[in-house]
Amino acid sequence: MQSCFQGISPVNIRQLFPDAELFGADEVSLWECVTDIRKLRRGDGFAALDTTLIDEAVARGAGCILTQERTDNPFRIGPDGNLVPLCQVENVQRAYAKLCQALYRFPGNRMELIGITGTSGKTMTSCLVAGILGAAGKNVGMMGSLGCFDGVDASPTPISTLPPKRVASWLSRMEQNDCSHVVMEVSSQALDQYRLEGLEFSTLCMTNVCREHLDLHGTIENYRKIKMRMFEYLAEKGVALLNADDPILADIPHWLDIPVLTYGVNEEADITAIPIEQTRSEQTILVTAGNASLPLCTKIIGTHFVYDSLAAVAVGLRLGIDLETIVRGIESVQTIPGRMERIECGQPFGVFLDFAHTPNELENTLESLRDVTRGRILCVFGARGDRDPEKRPLMGKIASRLADHVVLTDTHPADECPDKIIDDILSGMKNTQDVSIYHRRRDAICYALSQAQPGDCVLIAGRGHEKSPTPDRYDDRDFIRKWLYKNQ
């Protein structure tokens with residue numbers, strides 16, 4: 001079946017929000033609703049995230065205003081001389097997201113939704129789950145950092161979780177293309193903005209909760225609270241899958257009155273794994289679930305891959321898939337773009353590209369490479385501008401401890417001074433003698449690759465699959481391959 005789009009249907013606002021107050025009309029139906037005043041057309045609904053725009057929305061001929069704030073005068077006259085209905089809801093972000101799902105007839109209700117959240121591991125776990133579902137003969141849709149796939153066509157996306165209307169639109173496409181399951185990455189920003197309202201997940205997997213996104217959430221406590229909001233979207237008979245080795249998640253079963261399935265390596269859990277063998281090109285682990293155990297051999301290495309594999313195993317078992325098929329599905333995933341991606345062009349040293357951009361991720365990646373590297377580790381990384389600056393010295397400390405030579409570079413300075421970002425990273429390093437600085441990322445990569453000797457390993461961290469923000473939009477992977485082929 002070709003990708004198709006069923007379109008939207010009118011939504012009765014009174015029926016969708018029975019507890020809301022509706023002024024200026026007894027009934028109102030909408031075919032469309034926007035949050036961007038520039039996209040508002042006559043008759044559209046307007047979700048007033050910014051209440052100062054209500055008057056302009058009225059003047060533009062809005063068919064209805066959604067707001068959570070009571071105004072002095074809820075009765076507004078539009079350009080045609082008629083009252084413009086105003087619907088006062090408890091939370092306008094929630095209402096808008098639910099309305100978007102309603103406009104597309106709640107497509108998620110007719111598919112099995114699997115949500116993956118956590119500070120790290122969302123993308124890798126999602127890809128592994130998709131591999132398992134494919135091995136089980138299921139048609140699966142995906143939404144996440146690598147893009148969206150509707151069962152037929154794929155498209156890149158700039159963020160992990162899309163805005164509500166695009167989420168609803170993609171779900172509608174997946175339904176039309178006969179997807180039975182949907183795997184969706186869920187970011188903390190999406191939870192903070194209630195983008196999932198109107199969705200119910202049969203399975204929710206939380207990989208971990210570490211320090212990240214404090215530029216958005218202010219404190220680690222707020223970040224944790226936002227992450228816990230994920231469970232509000234668990235279906236009545238849904239199951240939560242939790243990493244038992246994560247100290248924050250370990251306490252959830254004590255207060256969460258829902259079925260929980262746990263996985264882990266160090267702590268007691270329902271699903272566990274024992275490392276058997278690991279080289280630079282592959283690793284083998286023994287996965288145990290209940291009385292069943294099977295070896296799992298993969299070309300993706302690293303401790304974090306073990307955890308993400310166990311998370312995927314938990315999802316597969318939750319969906320009733322046998323362990324043999326689950327292992328076959330995980331093994332079918334040979335590589336995940338920008339996630340511990342090994343670049344092999346015949347060079348006598350290892351080259352890995354990884355998205356690691358938090359202290360925890362960088363530490364896990366470097367420790368995994370240390371286990372399989374007999375020579376030196378050369379680590380290229382930086383930190384993004386306009387993000388949490390306190391994690392920069394932490395990453396510097398980790399890199400100086402676990403790498404033999406660090407090459408600091410710009411990742412995406414945004415509006416910050418690149419030198420300030422580098423200085424923040426350097427402040428966490430005890431020894432800066434084995435540090436080189438190249439603000440131009442391509443120069444940093446070239447330098448690290450040129451210094452690598454047989455048996456060494458070069459890690460290019462921080463950007464993963466993402467293209468450069470520079471005008472040429474170059475890809476680290478393509479650039480590395482071209483350099484290796486040219487200089488061998």
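One definition to begin: buried means under 20% relative accessible area, exposed means over 50%, and partly exposed lies in between, with a 1.4 Å probe and protein chains only. This is a predicted model, so local features need pLDDT of at least 70 and side-chain atom pairs count only at pLDDT 80 or more, while totals for chains, interfaces and linings use all residues. Residues are numbered from 1 along each chain as its sequence is written, and side-chain values use heavy atoms, with hydrogens and water left out.

Now F106. At 22% relative accessibility, it counts as partly exposed. Its phi is near 45°, positive in a residue other than glycine. F106 sits in the loop between α3 (92–103) and β10 (112–117). Helices (H or I, at least four residues) and strands (E, at least two) are DSSP runs, numbered from the N terminus.

Next, M340. Its phi is also positive, about 45°, and it is not a glycine. But M340 counts as buried, at 3% relative accessibility. Its loop runs between α11 (323–331) and β21 (341–342).

On to the cores. A nonpolar core is a set of buried Ala, Val, Leu, Ile, Met, Phe, Trp, Tyr and Cys residues joined through side-chain atoms within 4.5 Å. The largest has 66 residues; I330, L362, L366 and F381 have the most contacts inside it. Helix α10 (residues 303–318) gives the largest share, nine residues. A second, separate core has 34 residues, including C148 and V209.

Back to α10. Of its 16 residues, 13 are buried, so the rest of the structure largely encloses it. Just after α10, G320 has a positive phi of about 85°.
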